[in-house]
Amino acid sequence: MEQHSVSQENQGKKTPPIQKKPVKQKFWKKLNFQKYLFVYVCLLLPLIFYLGIRILPTLFTFNVGFREWNLLSTEAQPFVGFDNYVTLFKDEVFIKSIVNTLIYIVLGVTGQLVFGMVVALLLHKINRFVGFFRVIYFIPYVTSIVAISWVFQWILMGNGIINDVLVKLGLPAQPFLNSPDQAIYVIIGAMIWQSIGFQMILFLAGLENIPDSLYEAADIDGASPWQKFWRVTFPLLNPTIVFSAVIGTITFIQVSFTQVVNMSMDGSGGPLNSTISVVVYIYQLAFRQFDMGLASAATVILFLFILGLTIFQMKVLTKKFDY
Amino acid sequence: MKIRKLLPYLLLLLGSVIMLFPFVWMVSTSLKAPIDIFSLDIIPSNPTLDNYLKILEESLFLRWFINSLIVAVITTISVLFFDTLVGYIIAKFRFIGRTFIFFLILSTLMVPTEMLIIPWFMMSSELGWTDTYWAILFPGLMTGFGVFLMRQFMEQIPDDLLNAARIDGMNEFAIFFKIAVPQVWPAISALGIFTFLSNWNAFLWPLIAIESPELRTLPVGLSFFSSGEAESQWHLIMTGATISVVPIILVFILLQRHIIKGITLTGMK
């Protein structure tokens, strides 16, 4: 609204010298025409992009999800209603992939928030080498997940360095990625390791926004460091926590594909589907079996899942604190 | 008292070891001959560059590196141009359909990429785009997030500044490039860095979009290489990983101030 009122004000203010009015009006009219031309010319390509590559494909996915649609068969794609959804929920592997995705998110996001906050708090305490440590903790975040996944496979192999060290210390060697019980936690560990740096930066920014006067007031009241953390720092970091949790969840769902494909023993969520995530499941359906109908239905479920989770996080994590 | 002061340093140092060890071990293995890779020496006893020579001669790593660079650079330029322009228009112009267009773009933020890979795949095979750079590029040419971000920064530019330029007879494109863009430069560079990084490291879509080995990007190439031709040859896999990781780490160390400032800037907005 501001823009419009400014140009009108300019017209209004300068009307008194009556003779000049037509000239001014002509000038602004020409300017307005130029502005509209500029706006619509510039928006043309973006509109085509957002409609053609984002909006229509989204609607198309909903449509495919209600059809029997296999790329390998040339037959028609009949409308089958909710059949695909029923098939999915009867599939144990799909249920497993949803449960796993929840485990990835709950443990992974919590882990990265906790470690990110701890590192930020430690960095906030020290005066020297802050920049140095910040760089080190951030390096994993910029590196390729694929490369890192293979490095972790190598380190955690049956005869890899970690097991060598364990054996030297007199401890039993661990199967890690070969074990259906351990693999998922190893992958979560790698995900957390890679995202600590990002969370650390967000928390550092959040910590800097907390005024020192609050801590001074707490000191006068004789608060212990523990009390200061829970009564001052933690509540004031609340917006950061909500933001980090939402961003972390969305990236984790995507990352879970790359990490699982490159870290799991068979490259598709093994051993025994113990590490399969929803996105890996969708990928298998769509690009191994070419069952686009079933796969689309699964992406719709994923979409609703993310939507629900985001709303839930915003509701639960956002609390009002009074001062 | 002294110990309490030192404790944070010690903990951070311990964490740093955990953060850096995988990289150290990766580089170390890449410099070892095949018979030495199971030794526990961090500094190889007989360091060799044979693995690098072998990879550069016998596999397509150099090509994949160039592919990644092309894809990431073109995408970044496109995102910076269009997102900044659209953000500017939505923030600074009043026109019919403005709110509608803004919500249309915002709504795309709610849809995860995973939901779009199926229609994109069908689209690019239908239109014959499979196995071209364009197939990897097209979904990322503009982003809803960038538009949203740039709109917020553009809103802070005073209207008077733009109107003054109009009265001076500047055309709208010149106003955008010469007046608006310099005002939001920090936000643009942050957006640029993150767009480049996420495209450089992208895996899911390039994996689907490309069939021929020559057109793979670095992450896709490395993944196929490690599970295929170099299976269990860990000295070669670690060499490939080093090639894809070390350049980006060096660039990061050079640009770290901007990157860290960028997260704070874009994250906290």
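# Exercises on a predicted two-chain model

**Exercise 1. What span should helix α5 of chain A have, and how far apart are its end C-alpha atoms?**

Solution. Helix α5 of chain A covers residues 130–142, which is 13 residues. Apply the rule: the expected span is 1.5 Å times one less than the number of residues. Helices here are DSSP runs of H or I with at least four residues, strands are runs of E with at least two, and both are numbered from the N terminus.

Before going on, note that this is a predicted model: local features need pLDDT of at least 70, side-chain atom pairs count only at pLDDT 80 or more, and totals for chains, interfaces and linings use all residues. Residues are numbered from 1 along each chain as its sequence is written, and chains are lettered from A and ligands numbered from 1 in the order in which they are written.

**Exercise 2. Which residues of α5(A) are buried?**

Solution. Start with the test. A residue is buried if 20 or more other C-beta atoms lie within 10 Å of its own, exposed if 12 or fewer, and partly exposed in between; C-beta atoms are placed from the backbone. In α5(A), this picks out Phe133(A), Tyr137(A), Phe138(A), Ile139(A), Pro140(A) and Val142(A).

**Exercise 3. Describe the make-up and spread of each chain.**

Solution. Count elements. Chain A has 13 helices and zero strands. Chain B also has 13 helices and zero strands. Next, take the radius of gyration over C-alpha atoms and compare it with the globule rule, 2.2 Å times the number of residues to the power 0.38. For the 323 residues of chain A, a compact globule would be near 20 Å, but the chain has 28 Å. For the 269 residues of chain B the rule gives 18 Å; the chain has 23 Å, so it is more spread out than a compact globule. Now the boxes along the principal axes. The C-alpha trace of chain A spans about 100 × 75 × 35 Å. That of chain B fills roughly 75 × 70 × 35 Å. Last, burial: 37% of the residues in chain A are buried, and 43% of those in chain B.

**Exercise 4. How many residues does the largest nonpolar core have, and which have the most contacts inside it?**

Solution. A nonpolar core is a set of buried Ala, Val, Leu, Ile, Met, Phe, Trp, Tyr and Cys residues joined through C-beta atoms within 7 Å. The largest one has 150 residues. Val151(A), Ile187(A), Ile282(A), Ala298(A) and Ala241(B) have the most contacts inside it. Helix α8 of chain A (residues 183–208) gives the most to this core, with 15 residues.

**Exercise 5. How many residues of chain A are in contact with chain B?**

Solution. Two residues are in contact if their C-beta atoms, placed from the backbone, lie within 7 Å. By that test, 74 residues of chain A meet 70 residues of chain B. Helix α2 of chain A (residues 21–65) gives the most to the chain A side, with 19 residues. Now sort that side by class. Ala, Val, Leu, Ile, Met, Phe, Trp, Tyr, Cys and Pro count as nonpolar, Asp, Glu, Lys and Arg as charged, and the others, Gly among them, as polar. The side holds 54 nonpolar, 14 polar and six charged residues.
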